[in-house]
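Here is a briefing on one protein model. It starts with the spaces inside the fold, then turns to strands, helices and single residues.

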Amino acid sequence: MPESKPTPSRLAVGQLAAIDMGSNSFRLEIAQLEQGRYRRIAYLKETVRLGAGLDANKMLTEAAAQRGLDCLQRFAQRLDGFAPQQVRAVATQTLREARNRDAFLQRARTVLGHPVEVISGREEARLIYAGVARLQPSEQARLVIDIGGRSTEMILGRGRRPITAESFQVGSVSLSMRFFPDGKFSAEAFRAAQVACGAELEEALQPFASSLWREALGSSGTVGAVSQLLAASGITDGRITPAALRWCIEQCLAAGHVDRIKLPGLKEDRRAVVAGGLCILYTLVMQFGIDELLPAKGALRQGVIFDLAERLETAESGRKVRVGDIREPSVKGLQQRFAVDPAQARRVQQQALALYRQLVPEAEPESRRELGWAAALHEIGMMVSHHDHHRHSAYLLAHVDAPGFSQSQLRLISDLVLGQRGGLKKLDTRLADSGFIWQLLSLRLAVIKAHARDRLDKAAMRLQRRDQAVELQMAPGWAARHPRTVYLLQEELQAWARSGLLELSLRA
């Protein structure tokens with residue numbers, strides 16, 4: 001009798017999954033953390049070349065989009081049985097650039113069954129370092145480099161702490177397409193590519209100077225591919241040196257064309273982008289005085305898993321325990337940076353979360369955290385101007401780099417902050433999401449109640465929800481003592497009535 005197959009849900013117990021949607025390859029990593037030790041369960045990689053699908057207008061072509069969606073559909077089959085909180089999918093430079101990314105992200109979520117977060121370059125760099133630092137620990141000052149399809153990340157760090165992290169818009173796919181579009185190799189093309197790469201990386205010379213680190217590590221695809229071909233060719237033991245890179249470039253020039261390269265250890269999926277990758281590597285080692293670059297054990301996908309584990313630990317332990325989620329100190333840092341009134345932010349945050357619990361008692365922890373962060377940061381625009389500060393706040397949140405946050409999540413928080421006051425029409429697209437509506441209503445009512453910037457009576461206002469009808473109940477005598485707040489609440493009723501999204505009523 002054949003052995004019975006375990007159910008998907010049992011297979012996923014205790015496991016975490018990360019999807020790295022890079023410009024050249026998509027990767028799925030499934031792992032389990034056991035007493036702090038990392039154990040890989042599964043690893044899938046597909047060459048998608050999403051970055052090659054950006055046209056001159058920064059629009060993702062349908063052919064490239066479909067390649068990505070087909071890959072995600074296969075990943076989804078492997079993720080059957082995983083709960084939402086066990087999976088995190090992140091996208092990098094190509095979708096940072098793509099003007100039609102929102103349409104692709106919506107299709108990707110449908111196919112994958114999980115949302116896809118577009119992360120900033122600095123956040124990508126932070127996560128790369130997290131993967132390397134945990135899987136290859138060291139207390140030495142180190143330089144970590146990750147060459148992707150359309151961007152290159154550089155991180156200076158010590159131990160688990162990244163000190164400086166930056167992302168530069170040059171990658172193996174984009175450089176190969178620009179300087180070797182027909183697959184032909186020439187000394188002039190290699191020189192031109194290196195000059196262009198050097199110009200992009202020139203501003204990194206001081207913050208990543210060789211005097212600041214003791215060892216250099218290279219993460220992920222390009223470095224791994226070059227390290228393998230050097231070892232297979234007997235040139236080095238896998239270490240990447242200036243002399244070894246010159247040998248690789250000479251082999252390309254001798255071949256004359258990408259189709260004629262015959263290098264042991266060079267995988268077929270790397271052939272088309274090897275020239276661009278070599279140019280970036282050679283520019284890096286020469287410009288930053290790197291005598292040898294060693295391949296690192298960790299990468300972005302492992303960093304995502306460690307970060308996801310810390311978020312879950314924080315959610316389960318509560319905020320009083322000093323664990324994990326880096327987004328909490330990020331929010332506090334933004335409050336300090338933009339001189340937010342902490343007492344007012346706390347009043348609005350506590351009130352908004354209390355109202356949200358009444359509207360959506362079973363809300364996901366992440367939705368509650370997003371609302372709490374929006375309340376904590378709703379006045380950062382005051383630093384720019386008091387007039388229309390909600391618009392300034394929203395702009396800052398949509399464009400700021402905040403460790404731990406994806407661009408997608410910052411845009412959601414930005415939209416909540418934009419909607420804290422005024423008409424609702426500016427949020428038409430977001431308001432198609434019913435979950436966003438309840439977050440927004442909670443924030444708007446909290447801002448109104450805290451308008452006087454004074455101590456709040458927590459029992460003065462309660463919400464009773466039935467489907468799309470919400471009754472705001474006020475404690476006896478409270479309305480008479482707060483006529484100005486009641487006036488603002490009446491205006492709020494009219495705003496929601498005009499939207500047609502819900503029926504809001506008052507009962508004193």
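A search of the whole structure finds 2 cavities of 30 Å³ or more. The model is predicted: local features need pLDDT of at least 70, side-chain atom pairs count only at pLDDT 80 or more, and totals for chains, interfaces and linings use all residues. Residues are numbered from 1 along each chain as its sequence is written, and side-chain values use heavy atoms, with hydrogens and water left out.

**Terms for the cavities**

- A cavity is a set of points, on a 1 Å grid over the protein atoms alone, where a 1.4 Å probe fits but cannot get out; lining residues have an atom within 4 Å of a point.
- Grid points are joined across faces, edges and corners, and a volume is the space filled by probe spheres set on the points.
- Helices (H or I, at least four residues) and strands (E, at least two) are DSSP runs, numbered from the N terminus.

**Largest cavity**

- The largest cavity holds about 220 Å³ of space.
- It is lined by 23 residues, and those closest to its centre are Gly22, Arg27, Asp146, Gly148 and Gly149.
- Two or more lining residues come from each of strand 2 (25–34), helix 5 (121–135), strand 6 (141–147) and helix 8 (221–232).
- By type, the lining of the largest cavity has 4 nonpolar, 13 polar and 6 charged residues.
- Here Ala, Val, Leu, Ile, Met, Phe, Trp, Tyr, Cys and Pro count as nonpolar, Asp, Glu, Lys and Arg as charged, and the others, Gly among them, as polar.

**Second largest cavity**

- The volume of the second largest cavity is about 70 Å³.
- Its lining includes Thr222, Ala225, Val226 and Leu229, and also Leu266, Arg270, Val273, Val274, Gly277 and Leu278.
- Helix 8 and helix 11 (274–287) each give at least two residues to this lining.
- Helix 8 gives the largest share, 4 residues.
- The lining of the second largest cavity divides into 7 nonpolar, 2 polar and 1 charged.

- Strand 2 is largely enclosed by the rest of the structure, because 8 of its 10 residues are buried.
- Buried means under 20% relative accessible area, exposed over 50%, and partly exposed in between (1.4 Å probe, protein chains only).
- Strand 1 (residues 16–21) pairs with strand 2 in the antiparallel sense over 6 bridges; two strands pair if DSSP finds at least two bridges between them.
- These two strands form a hairpin with 3 residues between them.
- Ala18 is set opposite Glu29 of strand 2.
- Strand 2 also runs antiparallel to strand 3 (residues 37–47), joined by 10 bridges.
- The hairpin of strand 2 and strand 3 has 2 residues between them, and Gln35 in the turn has a positive phi of about 55 degrees.
- Phe26 has Glu46 in strand 3 as its bridge partner, and Ser25 stands opposite Thr47 in strand 3.

- An open sheet of 5 strands has the order 8-7-6-9-10, with mixed pairing.
- Strand 8 (161–168) and strand 10 (294–295) are at the edges with a single partner strand each, so one side of each has no neighbour in the sheet.
- Strand 6 pairs with strand 7 (residues 152–158) in the antiparallel sense over 7 bridges.
- Ile147 stands opposite Thr152 in strand 7.
- Helix 8 lies across strand 6, strand 9 (215–219) and strand 10, at about 100 degrees to strand 9.
- For that angle, axes are lines fitted to C-alpha atoms, for helices over the stretch in contact, and angles run from 0 to 180 degrees between N-to-C directions.

- Glu124 lies in helix 5 and counts as buried, at 6% relative accessibility.
- Beyond its neighbours within four places in sequence, Glu124 is in contact with Thr92, Arg96, Ile119, Ser151, Glu153 and Leu300.
- Contact means heavy atoms within 4.5 Å.
- Val331 lies in helix 13 (residues 327–337) and is also buried, at 4% relative accessibility.
- Not counting residues up to four places away in sequence, Val331 touches Trp373, Ala376, Leu377 and Phe405.
- Val331 and Leu377 are 46 residues apart along the chain, with their C-alpha atoms separated by 7.4 Å.

How values were computed:
On a 1 Å grid over the protein atoms alone, a cavity is a set of points where a 1.4 Å probe fits but cannot get out, and a pocket is an open set with protein on both sides within 12 Å along at least five of seven lines; lining residues have an atom within 4 Å of a point.
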